[in-house]
Amino acid sequence: MAAALHLRPMGAGGKVDNMGIMTRLVARLILAMLILPLSGSLFVLLIAVIASQGGPPEVYQLAIVWVIVYVFIAVYWVLLWCNLVCWTHDRMRGTIVSGLIALLLGYLIALVVRFAFGGPVFASVLFGGGLPPIAWVLATVLIWRETAEERMARITAAGTDTVLCPNCGYNMTGLREARCPECGSVFTIDQLVSGQPQRDASVLVDVDGSE
Ligand SMILES: [Zn+2]
């Protein structure tokens, strides 16, 4: 059948090349690590802009800066990982609830700074505001993780006549090219074969039935 990726007995071996997957994963991890310096830079930039308009920022201006930074972090983080997350109802709810809890924790920190340590309101908003994004990002790492049951179900449902994307698990069976439409990863034949769960090297992915 033309225009399909399918498994067939192994022919000639190919060159192992994991650079495509590796660079994509590394790029994603670097982008993940960059969220802290990028958010910090945005915060400093916004404060600097306000300060340049005349004097140190007011408390309400600091609060607005935090809201802008929160939105930036939320959008950046969700866009970075949304393709790889299995968005169940529980995960979506957990993502929102953890955000609300993180905001509540930040508020409590602000209260502690203000009343337990007698700090000025500005300091309490400064410290209290910094906690929610950190707490929420850490929470999403736990909430968005694929469970062992989900992975097993995904592999089982895929059966043995399918080709899964080694990077994100997308079912690539029937595609014309060895490029995952879900995460954009491009694979060699070897990478697709070695990336299939519970499958040995006795099978080979055949593109367009030409080999
Ligand atoms: Zn993929």
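Reader: Which elements have the lowest and the highest mean pLDDT?
Author: This is a predicted model. Strand 1 (residues 5–9) has the lowest mean pLDDT among the elements, 42. Helix 4 (residues 89–116) has the highest, 96.

Reader: And the mean for the protein?
Author: The mean pLDDT is 81. Of the residues, 79% reach 70 or more.

Reader: Where does pLDDT stay under 50?
Author: Over residues 6–17. The model has 21 contacts beyond four places in sequence for them. Residues 200–211 are also below 50. That stretch has 28 contacts in the model beyond near neighbours in sequence.

Reader: What should not be read in detail there?
Author: The predicted coordinates, where pLDDT is low.

Reader: OK, the fold. How many helices and strands?
Author: There are 7 helices and 2 strands.

Reader: In what order do the elements run?
Author: From the N terminus on, β-α-α-α-α-α-α-α-β.

Reader: What share of contacts joins residues at least 24 apart?
Author: It is 63%, among contacts between residues at least 6 apart in sequence.

Reader: How many residues count as buried?
Author: As a share, 18% of the 211 residues.

Reader: Which residues make up the largest nonpolar core?
Author: There are 9: F43, L62, V65, W66, V69, I73, W77, A110 and V125.

Reader: Which helix gives the largest share of this core?
Author: Helix 3 (residues 59–81), with 6 residues.

Reader: What is F43 in contact with?
Author: V65 and V69, leaving aside neighbours within four places in sequence.

Reader: Which residues are in another core?
Author: Apart from the largest one lies a core of 8 residues. Among them are C165, M172, C180 and F187.

Reader: Switching to helix 2. What should its residues span?
Author: Helix 2 (residues 35–52) has 18 residues, so at 1.5 Å a residue it should span 26 Å. Its end C-alpha atoms are 25 Å apart, which agrees.

Reader: What follows helix 2?
Author: G54 does, and its phi is positive, near 130°.

Reader: Last one, L29. Where does it lie?
Author: In helix 1 (residues 19–33).

Reader: Buried or exposed?
Author: L29 is exposed, because 11 other C-beta atoms lie within 10 Å, and the cut-off for exposed is 12 or fewer.

Reader: How are L29 and L80 separated?
Author: Their C-alpha atoms are 9.5 Å apart. Along the chain, L29 and L80 are 51 residues apart.

How values were computed. Residues numbered from 1 in each chain as written. Predicted model: local features only at pLDDT ≥ 70, side-chain atom pairs only at ≥ 80, totals over all residues. Helix = DSSP H or I, 4+ residues; strand = E, 2+ residues; numbered from the N terminus. Expected span 1.5 Å × (residues − 1). Buried ≥ 20, exposed ≤ 12 C-beta atoms within 10 Å, placed from the backbone. Contact = placed C-beta atoms within 7 Å. Core = buried A, V, L, I, M, F, W, Y, C linked by C-beta atoms within 7 Å. pLDDT = per-residue confidence, 0-100.
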